[in-house]
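I opened this entry to record what I looked up in one model. The notes follow the order in which I checked things.

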Amino acid sequence: MKITIFGSASGIPEKGRAQTCIGLESNGRMILLDIGEGATSSIYADGVELDKIEKVFISHTHADHFIGLPRLLQFMKWKKRKKPLEIYLPSKHIDAVEKFLPFLYIFRERFDFEYKFLPLPKDEIFIFESLKMKIFPTQHLKKYQKFAETYGVETNSYGFLIEEISNDGTGAKKFLFSSDIYSVDEVKNYFEGLDLLLIECAHIEIEDIIDAVSDFEIPKIILTHVAPEKDLTTMLDYARMKFDMNIELACDGMKIEL
Ligand SMILES: [Zn+2]
């Protein structure tokens with residue numbers, strides 16, 4: 001599988017960086033994990049053939065993970081897309097998003113392709129024949145608990161564990177994208193056997209990540225969603241020297257092939 005980081009910024013705007021968006025390609029078919037502000041421009045800059053994108057998964061609807069969606073839809077319309085698009089969201093938010101889009105003058109009737117909103121699957125699913133995905137809840141939004149009932153919003157964000165089965169069925173590659181989390185412990189259960197860990201570093205400390213990761217042998221670790229004021233150089237050097245970790249910071253346009 002080929003992973004492209006289209007947006008690596010945290011929730012704070014940064015010059016030249018889009019907010020969270022990860023493209024994952026397997027056998028020429030692509031999915032997106034989150035689509036924050038600026039991500040559509042980043043996808044365009046990368047020269048992605050839009051028809052490749054078949055599904056979009058949104059971990060939670062904070063603007064830095066979601067607000068790029070209307071622009072992606074408009075860009076696809078402008079490119080005269082015909083192929084249907086599936087958009088997976090936390091289930092409670094589907095109705096509100098569907099009602100909101102017409103206020104951005106996005107009207108289904110004017111599109112040459114069908115876009116469909118679906119709830120994030122609770123069970124492990126095959127998103128393509130070669131790609132298995134497990135979406136697991138995390139506690140990033142738990143501070144909103146007391147508002148959840150009043151506003152009918154979800155209190156879970158979600159992380160993604162993806163496994164690509166090779167064409168001959170012999171091997172598998174495993175990738176985890178945490179999206180936003182509350183604690184490393186929520187994702188640590190999934191570290192075993194990973195080939196790539198892409199983990200946010202805005203809401204948790206790098207020390208906690210290094211500590212958790214040092215119990216496993218993960219060949220590649222990338223930190224994303226790092227706030228601009230955070231200087232992680234010393235800790236990155238420490239992780240490399242003490243634990244021989246292959247750890248680095250994400251940037252827009254970064255590509256990893258597993
Ligand atoms: Zn975020």
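This is a predicted model: local features need pLDDT of at least 70, side-chain atom pairs count only at pLDDT 80 or more; totals for chains, interfaces and linings use all residues.

My notes below cover a metal site, a strand with its partners, and a helix.

**Metal site.** I listed its donors as D64 (OD), H65 (NE2), D180 (OD) and H225 (NE2), at 2.1 to 2.3 Å. I then read the spacing of the donor residues in sequence as D-H-x114-D-x44-H. D180 sits in the loop between β10 and α6, and H225 in the loop between β12 and α8, so this pair ties together parts 45 residues apart in sequence. I found both D180 and H225 buried. What is the arrangement of the four donor atoms around the zinc ion? I noted it as irregular, because the donor atoms subtend angles of 85 to 168°.

**Strand β9.** I looked next at β9, residues 157–165, where eight of the nine residues are buried, so the strand is largely enclosed by the rest of the structure. On β8 (residues 131–138) I counted eight bridges to β9, in the antiparallel sense. Within that pairing, K132 has E163 as its bridge partner. Strand β10 (residues 172–177) also pairs antiparallel with β9, over six bridges, and I162 stands opposite F175 there. I recorded β9 and β10 as a hairpin with six residues between them. In the turn, G169 has a positive phi of about 75°.

**Helix α7.** Which residues of α7 (206–213) are buried? I noted I206, I209, I210, A212 and V213. They cover an arc of only 165° around the axis, which puts them on the same side of α7. I listed what covers them as including α6 (185–188), β11 (196–200), β12 (221–224) and α8 (233–243).

Technical notes
Residues are numbered from 1 along each chain as its sequence is written. Side-chain values use heavy atoms; hydrogens and water are left out. Buried means under 20% relative accessible area, exposed over 50%, partly exposed in between (1.4 Å probe, protein chains only). Helices (H or I, at least four residues) and strands (E, at least two) are DSSP runs, numbered from the N terminus. The arc is that of the directions from the helix axis to the C-beta atoms. Contact means heavy atoms within 4.5 Å. Two strands pair if DSSP finds at least two bridges between them. Donors are N, O and S atoms within 2.8 Å of the metal (3.2 Å for Na, K and Ca); water is not among the atoms, so sites may look incomplete. Four donors count as tetrahedral if all angles lie between 85 and 135 degrees; four count as square planar and six as octahedral if opposite donors are over 155 degrees apart and all others between 65 and 115; anything else is irregular.
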